[in-house]
Every structure is written in structure tokens, then in C-alpha cells.
Amino acid sequence: MPIKVSELEMFSPPCDPGSPVWGARVTTDADLEPIMPYVNAVKKNALYDGRIPTVVWREGPHKYALRGRVITINNLKDRKHAERVAQRVVDELNELWERREEIEPDHTTRLPPKLLDILKLLPRTNCRKCGQASCMAFAARLVEGEGGVEDCPPLLEKGNEVALAKLREMGL
Ligand code: SF4
């Protein structure tokens, strides 16, 4: 620490190579493990697994994951957008690290929600608009930390606000 961006690689969702929405894999020059319990302490609904270790949280339209030296960010429009969001999260992590003596680190493991709990909240029409063969396959990706609820277009339609809010509360 402090963290600096070494490399930024864009990727499209594996299930949807032509997607207009991108993800970014941001390699940093520092091991992010020491800051993870602090992220877990301050980010509402963060999912932390100290065995790997990794921490995942959602904020606004993006989902962030820290693992090793890598920050993964989803739901990005293009490279410039990715660079802005990546710099913002790196600045925030550096600021959090500077304040670490004021924060009680949280080492509590919170694992991703169970597949069936996610499936219950999906539209369950198996329409494939997410690029997956079924809602079950989509739920399995979410459990693995791949993609986000915004990849299911029907979920963003009117009438699904409660289900969407519950899924977001799960950190998905
Ligand atoms: S887009 Fe949503 S409703 Fe359609 S198959 Fe995928 S998860 Fe199910």
C-alpha cells in the first residue's frame, strides 16, 4: 500500500461475447489481502471469504471483487469508463487504508447466497435473454460471482422491483 493500477484488461461476459457491456480486470502493484477485512467492515452487504481470501461488494451499478492483486469490476461501457471507475475504487481503497486505525476490521466470512434462494427471485421464464440456457444456469453463475443481476433484462422491468432489491441486498 498505497495501491496503484499496473494493468487494466477489458473482457466481455463469457456467455455474451458481443455484449455492449464490459468487465474490467484491474491488476494492481500490491497484494489486496490486508485491506479486505476493512472493506468487509465498511461495505454494506459485502461477501467476504477469508479462506481464499476474497471480498465482493456491489455499489451503484457496479460489482467489485478483490482477489490477490486483482480488482474485477462489472457493468462498464468502454475502456475510458473502466479507467475512471478503476481509479475511483483504487483511490477509495487507499483512503480506507489510511483510515484503518479508526476501523475495526471484520474477519467474518459471509458466503454467497444459495443457488435456490437466488432462483426463487428470478423470473423463471428460461427466456435466455441473459445468454444462459435457463434461469438455473444464470443463478449458478451468480453464485460463482460471475456477472450480476443486471444481466437479466426481465428482472429490470417494472413489477420486479422487490425481487431485484432482495437480490441486490444479497450483494449480487
Ligand atoms: S434473462 Fe432472466 S428470466 Fe431469462 S433466462 Fe436469464 S435469468 Fe431467466
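I started with the domains: the centres of domain 1 and domain 2, taken over C-alpha atoms, are 22 Å apart. Their bounds, 5-102 for domain 1 and 115-169 for domain 2, come from an automatic or database domain assignment. I note that this is a predicted model, where local features need pLDDT of at least 70, side-chain atom pairs count only at pLDDT 80 or more, and totals for chains, interfaces and linings use all residues. Residues are numbered from 1 along each chain as its sequence is written.

Next, the contact (C-beta atoms, placed from the backbone, within 7 Å). I get 10 residues from domain 1 and 9 residues from domain 2. On the domain 1 side, strand 4 (54-59), strand 5 (62-67) and strand 6 (70-76) each give at least two residues. Strands here are DSSP E runs of at least two residues, numbered from the N terminus.

Then I stayed with strand 6. Why is strand 6 largely enclosed by the rest of the structure? Because 5 of its 7 residues are buried, meaning 20 or more other C-beta atoms within 10 Å of a residue's own, C-beta atoms being placed from the backbone.

I checked its partners, pairing being at least two DSSP bridges between two strands. Strand 2 (residues 22-28) runs antiparallel to strand 6 over 5 bridges, with V26 opposite I71. Strand 5 is also antiparallel to strand 6, with 4 bridges, and A65 has T72 as its bridge partner. Strand 5 and strand 6 make a hairpin with 2 residues between them, and G68 in the turn has a positive phi of about 60°.

How values were computed. Contact = placed C-beta atoms within 7 Å. Buried ≥ 20, exposed ≤ 12 C-beta atoms within 10 Å, placed from the backbone.
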